[in-house]
Amino acid sequence: MRLGAAALLACLAGLVMAPGLAQARSVEGWRGRKVVDEEGRPRPKVKGGGGGRSSRMAEADKRKKKKKAKKSTSTSTSTSTSTSTSTSTSTSTSTKKGRTACTSILSKAKVPWAVASARPGIREPIEVRGPIAGVEYYTENSKKAPLVLDCALVEALLEAGPIFRDEGIRRARYSASYQVRNIRGTSKRSKHSYGLALDVHSFEDDDGEKLSVLDDYEQGLGDDVDCIGEPDTEAARSLRTLYCRFTRGTIFHLVLGPDDNADHHNHFHLEAPPWGERKAPRREPVVAPTEPRELPEPGDASDASNG
């Protein structure tokens, strides 16, 4: 009886301790050790489980980082593309704004031109590659450098083309075009320094006849009413007609010739203002000023209306 009681107590003790043992073993397995069931047998591995809570957290963190990196790359690419497109558009627009106003006129008139390399002083350097409005500009300079001017002057020569053609002129010989220098006897920059002036010495008509400013221009003729006067030769009449139409018109900002000073005794100095400062081009400049307006007699009522 005593032995039976002892065995019963031992059995009861085993039943009480068994769950604790299984739980301990389970906890040990949870912590990364060998996972067993209540009977002590190894549990089958769960697919994708591999290492418990810490492993799953690591996987979750990795997925978050990957997602964040992808989003960051996408944003960066989008920003970069946007910035690139914006810059490209801005540059394109800027180029358009900087050149279109003048060069589009040249292109429309089929003037052979190209954008020249940058020249100090010239806002919009243009290389002239052919006749302008039917007039070829050439030089006898041994260097044979291309004619490079500011676009504003090229456009002025385009406006002057019909006037040259009226006199049968198809060629014009120039000496000075773009030259960085001062006006003689001053410290002021010449407009040649900005590609806004051209010195033309002679012309050639459709028949090949030469009109020289030095040899054919007749000085001291004309007045405020009749600018041309009465030249002795047809060559002189043509040259004086050009001079009068250009000085009385608005195509050029300044025109100088033999009648103005000794520095221009052998050429016409044709000068244009910068593009933004020029007046609206007049395609048919006047040859001479209109007749003086006849003033009303004193006391005439028609003069009282304008105060």
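Contact here means heavy atoms within 4.5 Å, and among contacts in the chain between residues at least 6 apart in sequence, 58% join residues at least 24 apart. This is a predicted model, in which local features need pLDDT of at least 70 and side-chain atom pairs count only at pLDDT 80 or more, while totals for chains, interfaces and linings use all residues. Residues are numbered from 1 along each chain as its sequence is written, and side-chain values use heavy atoms, with hydrogens and water left out.

Of its 307 residues, 32% count as buried, meaning under 20% relative accessible area with a 1.4 Å probe, protein chains only.

Now select residues 151-166, helix α3, together with residues 234-248, helix α5, whose axes (lines fitted to C-alpha atoms over the stretch in contact, with angles from 0 to 180 degrees between N-to-C directions) come within 10 Å and cross at roughly 155°. That crossing angle makes α3 roughly antiparallel to α5, a term used for angles over 145 degrees.

Finally, show the side chains that make this contact, which are Ala 160, Ile 163, Phe 164 and Asp 166 on α3 and Leu 242, Arg 245 and Phe 246 on α5.

Methods: Helix = DSSP H or I, 4+ residues; strand = E, 2+ residues; numbered from the N terminus. Parallel < 35°, antiparallel > 145°, perpendicular 65-115°, else oblique. Buried < 20%, exposed > 50% of the residue type's maximum accessible area, 1.4 Å probe, protein only.
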